[in-house]
Amino acid sequence: MTMNDWRAELRLELEKLVDAAVVAGARQQDVYAALLDETGQLRLGYERDPDPADDVSEQVIEEPSNNWPAADKG
């Protein structure tokens, strides 16, 4: 996926969210302000941890076991 592809996809999704919020009664200006605030919070988070792949330290990936009942049949 190119940068233009994901930006176009992001824009479409944001437009859907803004439209839905406005239809639900929110002011468009308030929705844009909330989007900017959330984007700013994400940016600050990535400045503290620039590579989300680094967060796997707490995740334990276990190897699948062969103790399934079907493995004994054969």
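Just past helix 1, G25 adopts a positive phi of about 115°. Helices here are DSSP runs of H or I with at least four residues, strands are E runs of at least two, and both are numbered from the N terminus. The model is predicted, so to speak in its terms: local features need pLDDT of at least 70, side-chain atom pairs count only at pLDDT 80 or more, and totals for chains, interfaces and linings use all residues. Residue numbers start from 1 along each chain as its sequence is written, and side-chain values use heavy atoms, with hydrogens and water left out.

**Exercise 1.** Work out how many helices and strands the protein has, and which pattern they follow along the sequence.

*Solution.* Start with the tally: three helices and zero strands. Then read along the sequence, and the pattern is α-α-α.

**Exercise 2.** Check the span of helix 1 against the 1.5 Å a residue rule.

*Solution.* Step one is the rule: the expected span is 1.5 Å times one less than the number of residues. Step two: helix 1 has 21 residues, so it should span 30 Å. Step three: its end C-alpha atoms sit 30 Å apart, which agrees.

**Exercise 3.** Find what fraction of the protein is buried, and how its accessible surface splits by atom type.

*Solution.* Set the cut-offs: buried is under 20% relative accessible area, exposed is over 50%, and partly exposed is in between (1.4 Å probe, protein chains only). With those, 4% of the 74 residues count as buried. The accessible surface comes to about 7,200 Å², and carbon and sulfur atoms hold 56% of that.

**Exercise 4.** Describe the largest pocket: its volume, its lining and the classes of its lining residues.

*Solution.* A pocket is an open set of points on a 1 Å grid over the protein atoms alone, where a 1.4 Å probe fits and protein lies on both sides within 12 Å along at least five of seven lines; lining residues have an atom within 4 Å of a point. Points are joined across faces, edges and corners, and the volume is the space filled by probe spheres set on them.

- The volume is about 260 Å³.
- The lining is L10, R11, L14, E15, V18, Y32, L35, L36 and T39.
- Helix 1 (3–23) and helix 2 (28–48) are the elements giving two or more residues, and helix 1 gives the most, with five.
- By class there are six nonpolar, one polar and two charged residues, where Ala, Val, Leu, Ile, Met, Phe, Trp, Tyr, Cys and Pro are nonpolar, Asp, Glu, Lys and Arg are charged, and the others, Gly among them, are polar.

Technical notes
Areas by Shrake-Rupley, 256 points an atom, 1.4 Å probe, with all protein chains shown as cover.
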